[in-house]
Amino acid sequence: MAEKHAPGTTAAMATPGYDFASNWNPVPLWASIHIEVGGLSVSTCCVPQVSVVNGNLQAALDAAAINSSPVGWPELASGDSYAVRLARDRAVVVGGKALRPGWHAEGFAVSLSDDAGVVFGISGSGLEQLLSLGAAVFIDRPSASASRLFAGLPVILYRHGHETAVRLHVARPRAAAMLEWLTISLAQLR
Amino acid sequence: MSSRRLDHGGEIDRAVTLGFKFDGQAYSGHPGDTLASALLAQGVHTVARSSKFHRPRGIWGAWVEEPNAIFDLVQAGVRMPNCKATTTPLAAEIEAFSVNAQPSAAADRHAWMDRFARFIPAAFYYKTFMWPHWHWFEPRIRDLTGLGRADPAFRPNAAASQRHATCDLLVVGAGVAGLSCALAAAARGQDVLLVDDRATPGGMLGDTLEPVEAVPGPQWARRTADALIAAGGRYLSSTTAFGIYDHSLVLASQRHFNGRPDTLWRVRARKVVVAAGAIERPLTFPDNDRPGVMSAHAALAYLNRHGVLAGDRIVVATNNSSTANVVRSLMAAGAEVTIVDSRAAAETEDVPLHRNAQICGVDWRRGLRRVHTDGGKSLDADALLVSGGWTPSVHLHCQAGGKLDWRDDLLAFVPRPGLAHLTTVGAAAGDFTLDQAQESGMRAAGGSPGARAGGSSRSPPYQVEPAWPRLGGGGRQWVDFQNDVTTRDIELAARENFVSVEHLKRYTTLGMAVDQGKTSSIVGLATLAAIRGEPIASVGTTTYRPPFVPVSFASFAGVRRGQCFAPIKRLPLENVHRQDGAVFREYGGWLRPAFYGNGSAETEIQREARAAREGVALFDGSPLGKIEIFGPDAERFVDFIYYNTMATLKPGRIRYGFMLNEGGTVFDDGVLSRIDPEHFVVSCSSSHVDAVAAMLDTWRQDQFDPDRIFIQDSTAQWATLTLTGPASRQLLGAVYPELELHDDAFAHMSFVDFGSVRISRVSFTGDRSYEIGVAASQAQALWSRLKGAGEGLGVSLLGLEALSILRAEKGLIIIGKDTDGQTMPHDLGFGTPREKKLGEFIGKRALFTEQASRPDRNVLVGLEADGEPLAAGAHVVTVDGPRRASEGFVTSSYRSPNLGRPIALALLRNGRSRIGETVQVFHLGQTRTAKVVPPCALDPQGARING
């Protein structure tokens, strides 16, 4: 399996035995991510109970004992139990009373999503500048949906806890790419 | 031309000297210089060669309009092409190289080409190099021309930053109009962003030093910019708004000049005010491209910004009133000035003036010697400064969809008002005097022009008279310096009936490339108008395309390079596979194990495929789609989505099926599981998940009641680990002893749910197989348990390559590999639903067209050949003498370790009736024979599925 060409080149990648893993850093241990640059920090959050509900959102929130309305942008979610609106009839429910996956007669469907993504918590001064590198995300440009394209990747983005903190949900298969982007972008803010 | 540095004036620091090189020669300048001003200060006039004729070219302008002085720069070991000397600040140790010149602009070995100019008119290349083929000539021609050379080894030292911004008002240009507008808007409480391409505010005020509100222009500009910031506005210097796109998205490039890559700004503003100024255009006369012929305004800029005097004996040729300030300033600096003014009523004081006269030629030999007027006068001169009037910079207005109006009093196109979100002000709108510019800026901000503090002395009105090119005269008159286009070229184009302005552009290259007609467009249009005998307004303009100035590719790429360029999807078990010795490749956007082990690819893949048939193999199938469909109408929905009947599927059961597109061709295949009456899971191809999810939602919203069907892609939530092979049941039982695994209890195409685990009996190998679905975070533990429990059973790890062999042995297809854009389900042997399914489904109608019913369609077959495997992609051909005609092609081809021979699948015309026939297979000049066989080469009775 000796490589005859420089790693990463087109010629090398065309050889049958070329290992494409050399083009990509190994996937990190998500629980241990913490980057701090200046006053801005990025960490992975442990969010133990995440579901996606489709259909009658109010009925779903009632069933989950979530008392607040689903947040969009730039509304503020707080605590361990809240909902985030993705579409007219779709929301992410974090915490609350555990819902049985599947269809519910009240008119909503529940899909487990605890393992579907990695949740980054980003907070501190310079947050707005960091967000401005990834997408047209501005406090004065509200959106009923927290689902958006950020850094070229589909994400869920909302403010959580306080006004200089956001949570960023990224699908697990794309989380390594998001971490790479965050690392480079934080360096640009130095 | 004997330009020189004065010992006073300009915004340069004479106490500091910066050394640099141009074409290998050492020069020096000062902080505050541009490369252009530093070269002019040292009397360097030939700085480039023209693109086609290799004529010597000098510096014409002083800013972005410069068509000639475009350099390759090397700084700190980094080579950057396409840098304008007029906009590049001088830095120590910078090395500049002219373009289109070998070895240097001063002594170009291809200068002889100009002597053959009459033989290489416009479109010469198109007409001459047609036979035998353009590509025979292309390398040499490209070697002779171009605007710089990219360095193949260049790698940006860092990712360029890309930033998004929003504001109430974006003002483009910090001249008097832009500054007035921005400050007035900020004072009214608007969120204002002002961008300007220069390092300091003021625009042309820095060139002319004209006072505003009784304050010297540059000082007024700095004060106004400070006031803007104090009022809450933002100001980005060295930032060019180079294009406007859909929904008024403005892109701007911010230069840093410190080694840091340029920043790309994406600005979304509620309103855009363009105050981009105007560009002075040249006069046309024979040899008007010679070094030493320069824009009059540029000479003023070099004098006032850099303390450089363009010459000692200067002729100013003009057709308008804007040169009065130029003449006064040059004379004050000590130059001897003569005016040649085409206007009969031109007036001046204390300056030699030739009224109603135009330049008709120059004497040039390694420098300008004399100029000749059409009145028969010859004037000694070392610099000829010309002004043919001013052209508003309407690029952004036109890119935003704005129209233009011709104004005879200005001899220019100006923006037609009426765009909803964009207003053009100042010189860009034809308001050429300071008073007009300031007033229009304030009006655009909703302010009152009368609100100016202090007031200005009224500027004299702008007057201009036509001095368009004279057709049919002797000598070559250049219209477009950058693209080497003369009036003769335009005349030739018109003679050959390229009389549309867009055709003219393409035939002659007039206004193309980075110039985008900055100096040439109006003169070119005027020439064409004269040829057509029509007013300029009726000729129209070409399209103004972004970017307005060159923008580096690194800037457009931003962080999208390396691992951020088209990032791949990652498996939850990727690191486990790395530890297990996997060799990865990219499959459908995922990084997946191709095979495991340290041997050669061929050896390991064959070993894995053999081991899977003999015992049990463990495979990571996590990317397989897991799209959930819920709701009261879910059953009706899946029956419509699938080609196969799905309404009869019972809970706990699984069925294989196709999804078609509306044209009846196969979109995807896979299995559907029914969890309960209102809940299905679509397991689609790994690489098609996003597309299938989007397709499902489209049909949900367009064809059904979206309140009774819901779709959720849960692929990322679940890992799928597959056991396959005769010993798979034994291994599964070892890990889940509580499961009843007898075939009566757990039949093929059924599943069991227990806890957070779903085990499905489906097979892509033809052998007994089980797919175990667990939450992604549990995958590593399960993988370890399966490996550990399988040690005694000789469990082997299975990569994608061996899996492909196993499924091909069974004649099972991969969508996109064994199908093409025309393959219908009955081509793959699945004709029953087409004949019997009563309900509606996607693509049904298309399955009964004449085309769909042709007997000679390409259908899936197997091919058997001796020796090496056939090449995938090879064509089955019929041979008629020297001609070959394709009858289909090989879609998959492998060496089967379990059959001990090559196997192949193919799409073959009328293939099903040709089983047993020997066909010819052609690939890369080689023709082989193969036998047409059924697709399934192994276990056609299907005994192994329960084996």
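Strand β24 of chain B, residues 368–373, is joined to β25(B) by 3 bridges, and the two run antiparallel. Strands here are DSSP runs of E with at least two residues, helices are runs of H or I with at least four, and both are numbered from the N terminus. Two strands pair if DSSP finds at least two bridges between them. B:H372 stands opposite B:S378 in β25(B).

This is a predicted model, where local features need pLDDT of at least 70, side-chain atom pairs count only at pLDDT 80 or more, and totals for chains, interfaces and linings use all residues. Residues are numbered from 1 along each chain as its sequence is written, chains are lettered from A and ligands numbered from 1 in the order in which they are written, and side-chain values use heavy atoms, leaving out hydrogens and water.

Back to the sheet. Its order is β23-β24-β25 in chain B, an open sheet of 3 strands with antiparallel pairing. The edge strands, each pairing on one side only, are β23 (359–364) and β25 (378–380) of chain B.

Next, β39 of chain B, residues 666–676. How many of its 11 residues are buried? The count is 9, so the strand is mostly covered, where buried means under 20% relative accessible area, exposed over 50% and partly exposed in between, with a 1.4 Å probe and protein chains only. On one hand, 7 bridges join β39(B) to β38 (654–660), antiparallel, with B:F658 partnered by B:D669. In that hairpin, which has 5 residues between the strands, B:G664 takes a positive phi near 85 degrees. On the other, 6 bridges join β39(B) to β40 (679–684), also antiparallel, through a hairpin of 2 residues.
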